[in-house]
Amino acid sequence: DVLKAGTPGGGKARARYELVTTQVALTSALLTGAVLLSTSFNRLIHEQRFAADHVALFRVRPAAARYEPGRAQAYVHAVAQRVAALPGVQDVAYARGVGFVWDGSPVEVGVGQSRGDSAERVEAHFVSPGFFEALRIPLLAGREFDRGDAAGAPPVAMLSASLSHKLAPSGNVLDRTLYAHGHAFRIVGVVPDYRIRMRGDALPLMALFSFEQNALGQETDARFAVRVRGDPTAVLHTLWETAKSVDGVVPVAEMMTLEQQIDASRPQIRLGQDVLVVAGGLALLLSAIGLYGLIAFLVSRRTRDIGLRIALGAVPARVAGAFIAGGMRAVLMGLVAGLAGAWIFGPLLDAWLVGVEAHDPGAFAIAGTAVLVIAVVACTIPARRAARVDPSIALRSDA
């Protein structure tokens, strides 16, 4: 009965199991971090309050060609018209910056106050008509800028949701007066807080003005956002040629897709993701090899014991189960320790996380499941060998 019920053990075996537990703990912590950063990067690109796919970007700098402001804006309009006429182009918009990577110009604003007063220091962004439609940014209230919001027309402005709430926490801001640098603007729309930000960053307070109105200064530098039906990378050269066809003297630069721009603006997320994915993958592989090697070693060392148990009537599946149980106990202890460590130290990644919390249950579940699946496979393969031991051969063995 003792021989049939026996399980793999011994002091040296326990020490080996402890090493496996340590490996698994480190592996599960690394994998959790890798999943968190992978999720963060995916949401950075695909799950913001704007659609980054199918958007090509480029910048024109007529001021560098010594254009006067009026001529510079006429050039920008001409480029926009020619680009809009290209096959496959759905929407064309432009802005000073594009609103996702660069901070806006600082400006002091207030609602319903006398001229010259200020209430909040915010970012000012200058965008063209159709900007929010091109980037698929939904309006929360009102309208976006249109062709009627041109130079000479009554000045208008839009607010981000956070600024709208800050200036009017209990009321509607539409059609109220926004004062900025002593100028009065009628508020015509509110948009979500669409700027990319890391977890823990404060929401950027944004006031948006019509690029065409030159309300706070002449606009001579524009970055275009062009939504196309296919791959935006494929049209970059065509966009460059089209802009150059208007005037070859004006510099046309910064040709990239919006996804590439976002990726380049947050290199720490991509780098951290790559490092942890590689480290976590290697750690998982080493843990699997270590666990497999441990069980295989114990099986080879105890061939006679296994054969004797089977000869005395032990069920082969229970013999294999004993080895699997021993390995999985070590794995489960390591998994609990590793996930606990990831829970404690996960907030250190907050500065790199976008749209996901450091204690995201999904990330912990994915990492834990991956470790368990690999561990079961690593234990089962050598344990099955124990179940297939021929008692007659095992008993004749010198092992």
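Is R59 buried or exposed? R59 is buried, with a relative accessible area of 15%. Buried means under 20% relative accessible area, exposed over 50%, and partly exposed in between (1.4 Å probe, protein chains only).

This is a predicted model, in which local features need pLDDT of at least 70, side-chain atom pairs count only at pLDDT 80 or more, and totals for chains, interfaces and linings use all residues. Residues are numbered from 1 along each chain as its sequence is written, and side-chain values use heavy atoms, with hydrogens and water left out.

**View 1. The whole chain.** The protein chain has 12 helices and 11 strands. Helices (H or I, at least four residues) and strands (E, at least two) are DSSP runs, numbered from the N terminus. Of its 399 residues, 47% are buried. The protein chain exposes about 18,500 Å². Carbon and sulfur atoms supply 58% of that area. Accessible areas come from the Shrake-Rupley method with a 1.4 Å probe; for residues, only the protein chains shown count as cover. Contact means heavy atoms within 4.5 Å. Among contacts between residues at least 6 apart in sequence, 82% join residues at least 24 apart.

View 2. A salt bridge is a side-chain nitrogen of Lys or Arg within 4 Å of a carboxyl oxygen of Asp or Glu. By this rule the count is 13. R59 forms one with D221, and their closest N and O atoms are 2.7 Å apart. R59 lies in strand β1 and D221 in the loop between β9 and β10, so the pair ties together parts that are 162 residues apart in sequence. D221 is buried too, at a relative accessible area of 17%. E219 and R96 also meet in a salt bridge, 2.7 Å from N to O. E219 lies in the loop between β9 and β10 and R96 in the loop between β2 (89-95) and β3 (105-111), so this pair ties together parts that are 123 residues apart in sequence. E219 is buried, with a relative accessible area of 3%. R96 is partly exposed, with 31%.

View 3. R186 forms a salt bridge with D175, the closest N and O atoms being 2.7 Å apart. R186 lies in strand β8 and D175 in the loop between α5 and β7, so the pair ties together parts that are 11 residues apart in sequence. R186 is partly exposed at 37% relative accessible area, whereas D175 is exposed at 54%. Salt bridges that share partners also join R59, R61, D221, R223 and E254 into one network. In the hairpin of β7 and β8, two residues lie between the strands. H181 in the turn has a positive phi of about 50 degrees. Two strands pair if DSSP finds at least two bridges between them. Strand β7 (residues 177-180) and β8 pair in the antiparallel sense over four bridges. T177 has R186 as its bridge partner in β8.

**View 4. Other partners of β8.** Strand β6 (residues 156-160) pairs with β8 in the parallel sense, over five bridges. There M158 has G189 as its bridge partner. Strand β5 (residues 141-142) runs antiparallel to β8 (residues 183-191), and two bridges join them. G142 stands opposite G189.

**View 5. Strand β9, a covered strand.** Five of the five residues of β9 (residues 206-210) are buried. M206, L208 and S210 point one way, and A207 and F209 the other way. Strand β4 (residues 120-127) pairs with β9 in the parallel sense over five bridges. F126 stands opposite F209. Three bridges join β6 to β9, and these strands run antiparallel. A157 also stands opposite F209.

View 6. S160 lies in strand β6. S160 is buried, with a relative accessible area of 0%. Leaving aside neighbours within four places in sequence, its contacts include V190, D193 and M206. S164 is found in helix α5 (residues 161-167). S164 is buried, at 11% relative accessible area. The C-alpha atoms of S164 and A207 are separated by 9.1 Å, though the residues are 43 apart along the chain.

**View 7. One face of helix α6.** The buried residues of α6 (residues 236-246) are L236, L239, T242 and A243. Seen down the axis, they fall within an arc of 125 degrees, so they line one face of the helix. The arc is that of the directions from the helix axis to the C-beta atoms. These residues pack against β1 (55-60), α3 (69-84), β10 (222-228) and β11 (252-257).
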